[in-house]
Each structure stands twice: as C-alpha cells, then as structure tokens.
Amino acid sequence: MPIRILDPQVAAKIAAGEVVERPASAVKELAENALDAGATRITIETQAGGLQLIRVTDDGQGIPVLDLELALERHATSKIARETDLDALATLGFRGEALPSVAAVSRLTLTSRARGEEQGAYVRATGGVLERKGAAGCPEGTVVTVQDIFTNVPARRKFLRSEAAEAGRIHRVVAHLALAYPGVRFQLIQNGKETFLSPGDGDLRRVLAQVYDDATADGMLEAQGDDGEGRSVYGYISPPGIHRANRSAISHFVNRRWVLSPMLVQAVEEAYRGLLMEGRHPLVCLHLELPPAEVDANVHPTKQEVRFQKEGAVFSLVQRALRGVLVAQSPVPSVAAAALPALPPFISGPFSTQPGQPFAPRVQSGRQVEFALGLAPTQGPPQPGQAEAAPQPGAMPLPDALPALRVLGQAGATYIIAEGPQGVYLIDQHAAHERVRYEQVQRQVKERQPDVQGLLEPLPVELSPAQVQALDEWKDMVAAFGFQGEPFGERSYLLRGVPGDLRDAGPQALLSEALDLLARAVDPVRAADALAASIACHSAVRAGDLLSHQEMTTLVRQLEGTQSPHTCPHGRPTMLHLSATHLEREFGRR
Ligand code: ADP
Ligand code: MG
C-alpha cells in the first residue's frame, strides 16, 4: 500500500483507543471535564457496565452555545492556549481529545447551558459525525450522554470483560475521583441503583467511609507533612492492625490527579517497614501538592502516570510523614528485623493489633494446633517410630522433593530445626504450613469438597460496593472455596459458613479479604490462587505458636508431600539450609 494520510474518521478511532480504552476511561474523562468546569455535584449514570449508556450530569459553568460543536473537534480545548501552559497545568484536561475520542466510538449527545445564558443547546454525533443540533431547555451545566460505546469498534469490544467487571472499574474510577475531590458530591447510579454517593462536604475521611466502611475510616490515622519548599502531603493511612493482601487500597493523588506511581508506593511501604508482615499492605489515601512545574502529566494517554522532577524529595516527604505518624502510634519492634531482611519480622502477623512483642509465644492448646495441622482427632497421634520413618517410596514423585527430615526442636517458637542427610534445616513453621494448607485447599476445591466450617449463627457482613460487585461476578468461585451464605440487602451478606480451620481471622474479615482479592483479580486462575493463598495464610500455624515434637514432625511430613516445599504461596522461602559442607567449612574442619 502506498503511504497516505489516514481519513480523519479512521485516525480519530485509532486515537480514541488510546484515550478511551474502556467504558471506565470514558467516565473518567467526562467526569474530569465536569471538575474542570467547576462542578460541585456530578451524577454518573451507567447501564450494562457503561456499554449501553454512560450519562454524566454536572452543575458546572457549561459551554456557550457557539462553542458546542467545536467541543467535539479534535484538539479543541478551552484549557490551554500555548505550549508553555503545559508547564504548569491547573486543569485535568488539556489535550482536547476526550470528547472527540468518545464521540468517535459511540453515539454522543452533548447538552449544555452556560452560566447566565437564557437557553441551552445540544449537539449529537454518531461515530464522530455530527447528526443533529438545536436548542435545549436545560438547567445550567452540562449533560453528556454516551450510548452504545464501542459498537462500531468490534475489536475493542472483544477485549472488554463482563459487564459486571466493567461496572466494577467504573465504580473504582468514581470512588477515586471522589477521594480526589472531597468537596464535590459524586453520585454513581448503576443499572438504576445508587452504588456510590460521597457527601461532598470537603471531609476526606467521610469519603473514605463511603469507599470502605465507617469503622475502617474511623480507624485510619491522619498524616501530613510539608518540606518547606512548596511540597506537601496530606491524607489518611491505616494503623498497622488494618491491612490488605494486595496494594489495591493504596491511592495517591498528585495535585488532585489520581496517579499510579511505583515510587510513591515504595515510599509508603518503606514507611510501614517492620510494622506489617511481608505480603500485607496498608490502606493509604494521600494527597500530594507539588509545584505544577515539577510534575509532568503529559507522559501517557490516560495521564495516570506522571513524571516527578524531584523524585527524591517527593519520596522522602511521603516516607517521613507516614513514618512519623506510624511510629508515634505504635512502637517499632525492638528486634532488628530490618537488619535481617531474609528473616520474617518477629512481629505478629495479619489481623493482629499488637506489634512489638518479639518472641512472645502465644501458647496454644495442643488440641488447637493439632486441629490446624489437619490431624483428624480420630486418626490419633502418629506412632513414635512412624514419625521418624522415611516416607514410603512413591509417596514423593516430586522433582523438587525434600529429603526425609528429622525434627530436632523449635527455635523462637517460630522455626523448626530439622536434620537431613545433607545438613541442618531451619523451617519457618508458618510459611511451611501455609504451603501445606495452600495445596490442600486447592485439592479440595478441585475435588469439589471444600472444607466448610458452618457458623452457629449467620453473621451479617457489610460490603463495600466494590466487594458487592466482586461477589456478584465471582459467586461460583466464592462458593467453591467454602464460603456459604446469601446476599442480605443491598450492601451486606449473610455469612453461614467459611472455609475450615481458620486461626487468626474472623469469618467476616476472611470474606472481606477474599472479595478484595477478587475485585482485583484479572483471570480465574489467578483469582483462585489468591483465594487459596489467603485461606492458607489464615489457617496456618503462626510464628509464636509453641508446637509439640509430634506436631512439628507432622508438619514436616506434610511439607515433604507438597509439590513445591521450598516456598510459601507468596513465594517466600519456607526454609534455610545449612549444608554439612558449609558447617564443616565454618567450623574449620575442612
Ligand atoms: P480537554 O478537557 O482536554 O480540554 P475535551 O475533549 O475533554 O478536552 O473537552 C473539550 C472542551 O469542551 C473543553 O476544553 C471544555 O471547554 C469543553 N467541555 C467539555 N466538557 C465540559 C463540561 N462538562 N463542562 C464545561 N465544558 C466542557
Ligand atoms: Mg477533557
């Protein structure tokens, strides 16, 4: 084919793909336009995950009648005029691309009445081609209606996930806009039901209560900092006792723009270092105010990535502000865990609220521990001889298998010391048991025999809208893992049974964590893995549990029988090996 300039409509469709990847990106662009127009109330209605309908109504300054048509033109913007304006952006939009991009892939109606004008007007375009325009009786402000998005781009449509998943993404986008603008009242109505409403009174904590729940929001700590050079940070962060299995509850806003920045996430995790168990993540909502000239938002089509001119200054501002609050709130564990990164910190694990008690063993009754190790009471304790016996040949058809180990004892109520043909092993009892439970849970799910622990009385669990959607989308998987119950009203669930053998999490917390994981899951395989890992984690023996010799032997036998005995489901090592040769060398015997 000879080179030629693309037909404008084709070019528009291609460009549209970069800005509006999915319905949620259209919602984001339209709501940002409303914010740029100074709106204080923004209502977003969607049908079928936005695929059928997206309507964004605002009470902003509106668009003058004469400009309406122009607003649908590419690179038409009222927000910047010259290149140097890019150096200090004060608005969310600046490229003049969103409206034409959305219009190129949908049927779009733009209705607006500018402040102070007598009458409004509308324009309608299909596939980017203007079809109709005229006068409209409407209140001051703007309404953008987008119908049948992507129906003229089948390739794009194919890549979208279920309606429920798209609805979930829209929910997430709106929640983040509300967190970014606590002074604006955001209302989201999905399939005719209100799924989110922020008060719009300027109080960030009250928005957090809508995104999570009242108790979580009340428990969060206020953080703020200022480096005296024009950079400041403000927001709410969870105390060490509240945490999640993933980073989905860590949000950063830079000059009111929701950004995804690995550097900022790292600054946060640095602040929590030693206060949270590995693999657990805090809830964080931080607003950074930086000199606009130090932030480049013009890096990526969706503007979610930004470039910081002074990365180091921003990193330490965040890290210090958070660390200060956290340290004031809870003493740092006295063991120098940070100096020994290979070892898990000696602080208590998930769902505990008391860090800072190194080596304080939680004495458990032997029965409880036995139970957790999966020793059925009827099976009786293993016979002394049997415990030491090598596993049956054929019982370990594994490339990665462990040699038969002999348990010598327990250190720090946390590590099992064992001996094998090639030296000495230190086994992290929690990580090892997690691995065992992880494979057990997966097996049970595969055999459709989840281990369920019925609750004596059904427990109502309050769910966030994102959790409601995750539950809806993944209900079969939730059931397959042993959660039993039924929806109970709009935003709660009546829990009747949970996966068996829970040790450290309440049933509600387990469900809540499971739904958070599912809300983030991208495919069923990873979703199932994450669920199995979470259940395994909460049913495994803990660091600090005193174990009897028999319990340790049973655990080591079970570990020998797993597919991947060397790592826990999160990828951390289950054991350290001191080889016989290494010991000989260290002791100068060689
Ligand atoms: P950008 O936001 O980058 O300027 P858009 O394509 O999103 O580009 O919008 C084009 C122009 O249309 C904006 O610059 C603004 O003048 C006008 N506009 C769009 N939406 C609204 C709205 N909700 N209220 C007022 N003006 C709007
Ligand atoms: Mg815009």
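Colleague: Is the crossing of α16 and α17 left-handed or right-handed?

Modeller: In this predicted model, the crossing of α16 and α17 is right-handed.

Colleague: What makes α16 and α17 roughly antiparallel to each other?

Modeller: The axes of helix α16 (residues 507-520) and helix α17 (residues 524-539) cross at roughly 155°. Angles over 145 degrees count as roughly antiparallel, and α16 and α17 are therefore described in that way. Their axes come within 9 Å.

Colleague: Which residues make the contact between α16 and α17?

Modeller: From α16 the contact is made by L510, E513, A514, L517 and L518. The partners in α17 are A527, A530, L531, S534 and H538.

Colleague: Why is α6 called roughly antiparallel to α14?

Modeller: The axes of α6 and helix α14 (residues 465-473) cross at roughly 170°. The cut-off for roughly antiparallel is over 145 degrees, so α6 is roughly antiparallel to α14. The two axes come within 9 Å. The contact involves A164, A165, A167, G168 and H171 of α6, together with P465, A466, Q469, D472 and E473 of α14.

Colleague: How many residues does the largest nonpolar core have, and which have the most contacts inside it?

Modeller: The largest nonpolar core has 61 residues, and those with the most contacts inside it are I42, L108, L110, F186, F196 and L208. Helix α6 (residues 163-180) gives the most to this core, with eight residues. At least three residues of the core come from each of domain 1 (8-197) and domain 2 (212-329). A second, separate core has 31 residues, among them L221, L290, V306 and V318.

Colleague: With which residues is L108 in contact, leaving aside its neighbours within four places in sequence?

Modeller: With those neighbours left aside, L108 is in contact with L72, L99, V102, A103, V123, R124, A125, V144, T145 and V146.

Colleague: Why does P239 count as buried?

Modeller: The relative accessibility of P239 is 13%. Buried means under 20%, so P239 counts as buried. P239 is placed in the loop between β10 (232-237) and β11. Apart from neighbours within four places in sequence, its contacts are with G219, M220 and L221. The C-alpha atoms of P239 and V284 are separated by 9.8 Å, although these residues are 45 apart along the chain.

Colleague: What makes N255 partly exposed?

Modeller: N255 has a relative accessible area of 24%. Partly exposed lies between the limits of under 20% for buried and over 50% for exposed, so N255 is partly exposed. N255 lies in the loop between β11 (250-254) and β12 (257-259).

Colleague: How many helices and strands does the protein have, and what share of its residues is buried?

Modeller: The secondary structure comprises 19 helices and 22 strands. Buried residues make up 48% of the 590 residues. Of the contacts between residues at least 6 apart in sequence, 70% join residues at least 24 apart.

Methods:
Residues numbered from 1 in each chain as written. Chains lettered and ligands numbered in written order. Predicted model: local features only at pLDDT ≥ 70, side-chain atom pairs only at ≥ 80, totals over all residues. Heavy atoms only, no water. Core = buried A, V, L, I, M, F, W, Y, C linked by side-chain atoms within 4.5 Å. Buried < 20%, exposed > 50% of the residue type's maximum accessible area, 1.4 Å probe, protein only. Helix = DSSP H or I, 4+ residues; strand = E, 2+ residues; numbered from the N terminus. Domains from an automatic or database assignment. Contact = heavy atoms within 4.5 Å. Axes fitted to C-alpha atoms, helices over the stretch in contact; angles between N-to-C directions. Parallel < 35°, antiparallel > 145°, perpendicular 65-115°, else oblique. Left-handed = near helix turned anticlockwise from the far one by under 90°.
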